[in-house]
Amino acid sequence: MQTQPTSRDPYIDAQKGIAILLVVTGHSISNLTNLEFLFNFIYSFHMPLLFFWSGYLEEKGYAKYRNAKGRMLVKRTATLLVPYLLWTVLYFFIRNGVQNVQWAELATRILGYGQDCLWFLAAAFGLKLYHLAFWLLSEKTDRLLPATLRPMKSPLLALGICECIVIALALLTGHPTLTSMVTYAVPYFAGALLIRFPGLTGFLQKIPVLALALLAYMAVFPFFSFRDTGYSTQIQRIFLSLCVIVLLYGGKRFFSFLQRSRMLCLFGRRSMEIYLLQTFFIDPLKFFYAYTDSPLLLGLWSIASAVLIGFLSIALSWMLSRVPMASKLLFGK
């Protein structure tokens with residue numbers, strides 16, 4: 001989410017812009033049962049898409065950190081962990097006030113427990129640690145494997161070892177961030193592996209592959225309900241999100257018009273700010289939901305309000321950034 005290559009790809013920014021708009025829309029309609037179809041559609045791929053591009057861009061920047069991997073950790077601490085800690089504390093005091101502070105509850109929030117919209121930053125930072133381990137293990141296995149096996153087997157072996165470790169930790173601790181990492185590691189490292197194996201891009205661009213991804217999504221989606229709990233729902237979501245990722249990544253020539261949208265590219269570049277500030281605007285804009293039960297009108301309003309929230313969040317972030325160091329500390333920029 002926070003990786004910033006020297007020259008930005010407007011198509012990636014547009015995809016991130018779509019994803020963050022869907023994040024806001026999903027949050028605004030989460031309690032509307034008559035928009036269940038839209039809710040399930042959004043939650044089938046919106047966050048996995050953000051993780052996919054995060055992994056893709058991180059792996060793309062690997063050359064910068066090859067001989068100084070600690071720099072990546074320092075940078076991700078500044079861009080993800082520091083904003084997570086600051087906003088968790090800020091939101092806690094905004095919602096609970098400063099009187100009779102329950103320090104144990106605050107500590108619980110900081111450690112990643114409880115309902116909190118900032119779980120994404122904690123999981124993203126965890127996946128950056130995972131990515132760092134992936135780099136180190138890839139280099140180790142390069143030296144252990146025969147030369148003929150290194151190009152293909154080394155990264156896959158390293159990825160398998162890392163995933164087993166994260167799954168074991170998630171099962172042992174039950175920590176929600178580790179549990180999220182198990183799920184989102186799939187789209188995240190799908191992006192990383194596309195950089196490691198550039199030949200996959202040509203394969204994913206083939207019309208039969210794109211058609212198969214679309215048909216597979218259409219076949220599975222009617223059985224998907226994000227509100228259902230359990231492993232089967234998570235497996236369905238991973239599968240559906242990968243179908244959408246294949247369509248958007250492999251079908252770039254069909255969706256290239258999206259990169260010409262200045263609004264989507266702006267929202268993609270400012271996705272962190274929108275993610276962190278959306279909560280200030282979502283509830284006031286829900287007033288319209290009391291006036292109609294029409295799924296069409298509610299759906300249109302939720303999308304329009306998400307766009308408005310995007311612009312309001314960017315405006316608020318601009319005002320906050322006028323304070324020295326605020327942009328770096330609050331938004332990791």
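The talk below sets computed values against their cut-offs.

Tutor: First, the ground rules: this is a predicted model, where local features need pLDDT of at least 70, side-chain atom pairs count only at pLDDT 80 or more, and totals for chains, interfaces and linings use all residues. Residues are numbered from 1 along each chain as its sequence is written, and side-chain values use heavy atoms, with hydrogens and water left out.

Student: What is the mean pLDDT of the protein chain?
Tutor: pLDDT is the predictor's confidence in each residue, from 0 to 100. The mean for the protein chain is 88, and 93% of its residues reach 70 or more. Among the chain's elements, helix 8 (residues 150–173) has the lowest mean, 81, while helix 11 (residues 207–220) has the highest, 97. Helices here are DSSP runs of H or I with at least four residues, strands are runs of E with at least two, and both are numbered from the N terminus.

Student: Where does pLDDT stay under 50?
Tutor: Over residues 1–6. The model still has 20 contacts beyond four places in sequence for that stretch, a contact being heavy atoms within 4.5 Å.

Student: How many aromatic pairs turn up in a search of the whole structure?
Tutor: The search finds 33. Rings of Phe, Tyr and Trp (its six-membered ring) pair if their centres lie within 6.5 Å; planes under 30 degrees apart count as stacked, over 60 as edge-to-face and the rest as tilted.

Student: Why is the pair of Y65 and W135 called stacked?
Tutor: The centres are 6.1 Å apart and the planes are at 25 degrees, so the pair is stacked. This pair links distant parts of the chain, with Y65 in helix 4 (residues 62–65) and W135 in helix 7 (residues 119–144), 70 residues apart.

Student: Are Y65 and W135 buried or exposed?
Tutor: Buried means under 20% relative accessible area, exposed over 50%, and partly exposed in between (1.4 Å probe, protein chains only). Y65 has 3%, so Y65 is buried. W135 has 0%, so W135 is buried too.

Student: And what makes the pair of Y130 and F189 tilted?
Tutor: Their centres are 4.6 Å apart and their planes are at 45 degrees, so the pair is tilted. Y130 lies in helix 7 and F189 in helix 9 (residues 176–196), so the pair ties together parts that are 59 residues apart in sequence. Y130, at 5% relative accessibility, counts as buried, and so does F189 at 2%.

Student: Which rings are linked into a cluster?
Tutor: Ring pairs join F37, F41, F45, Y217 and F221.

Student: How do you know that the charged end of R196 sits over the ring of Y62?
Tutor: The rule is NZ of Lys or CZ of Arg within 6 Å of the ring centre and within 35 degrees of the ring normal. R196 has its charged end 5.4 Å from the centre of the Y62 ring. R227 likewise lies over the face of F39, at 4.0 Å from the ring centre.
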